Amino acid sequence: MRGIYTDYARAFLLTDQRAHWVVSEAFDILWVCWDTATASDNLHRYAWCLLRSRVMLRAPCHHDGRPDLRAAVFSTREVHNNSTVPGHLVVLTELIDLFDAITRLPEDQMDAAVLHYLCGIPYQAIAHVLGIAPTLTHAVDHHARATVEALLTTPNPE
């Protein structure tokens, strides 16, 4: 679980040091609140929400309060592998728009998208990490992809 949590935190916090620190902090808090966590309906969900809250406290944000994933674009393979290819700035711009659209999703959809598409986590593991049913993970992903598509094709008022 620690590796997946760290990958998620790194997507928002950008450095290994910050990601490891926030994951360690979340585990420390979970340990202190262990009785409450184990008494909850869903221990995995409890732990995920705790981690997520710690990451979001430290993530860079847009003026509207949603997290800013745009800087994470620069750590993608597409940017590193295509930096000398003609048209790489177009790819970069499209990725920035995509990452920005992902942060406009509802929490579960954004988390599933980040875990699957940015961190490369398989759906089965995402269900376990988020503390949701595997079939729900596919539905969340389906809705996230449809919403991102709509966001990318609808003009932004900003």
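A: Buried means under 20% relative accessible area, exposed means over 50%, and partly exposed lies in between, with a 1.4 Å probe and protein chains only. This is a predicted model, where local features need pLDDT of at least 70 and side-chain atom pairs count only at pLDDT 80 or more, while totals for chains, interfaces and linings use all residues. Residues are numbered from 1 along each chain as its sequence is written, and side-chain values use heavy atoms, with hydrogens and water left out.

Q: OK, is Asp-111 buried or exposed?

A: Asp-111 counts as buried, because its relative accessibility is 0%. For the protein chain as a whole, 40% of the 158 residues count as buried.

Q: Which helix does Asp-111 sit in?

A: Asp-111 belongs to helix H7, residues 107–118, where helices are DSSP runs of H or I with at least four residues, strands are runs of E with at least two, and both are numbered from the N terminus. The protein chain has 9 helices and 0 strands.

Q: And what does the side chain of Asp-111 make a polar contact with?

A: The partner is the side chain of Arg-52, at 2.7 Å; a polar contact is a pair of N or O atoms within 3.5 Å, and within protein one must be able to donate a hydrogen and the other to accept it, with residues adjacent in sequence counting only if both atoms are side-chain atoms. Leaving aside residues up to four places away in sequence, Asp-111 touches Tyr-8, Trp-48, Arg-52 and Leu-130, a contact being heavy atoms within 4.5 Å.

Q: Switching to the helices, how do H4 and H7 pack?

A: Helix H4 (residues 43–58) packs on H7 at about 85°, and the axes are 13 Å apart. H4 is therefore roughly perpendicular to H7, a label for angles of 65 to 115 degrees, whereas under 35 is roughly parallel, over 145 roughly antiparallel and the rest oblique. The axes are lines fitted to C-alpha atoms, for helices over the stretch in contact, and angles run from 0 to 180 degrees between N-to-C directions.

Q: Which residues of H4 and H7 meet?

A: From H4 come Arg-45, Trp-48, Arg-52 and Met-56, and they meet Glu-107, Asp-108, Met-110, Asp-111 and Leu-115 of H7.

Q: What about H1 and H7, at what angle do they pack?

A: Helix H1 (residues 2–13) and H7 pack at about 100°, with axes 10 Å apart, and the two helices are therefore roughly perpendicular to each other. Ile-4, Tyr-8, Ala-11 and Phe-12 of H1 make the contact with Met-110, Asp-111, Val-114, Leu-115 and Leu-118 of H7.
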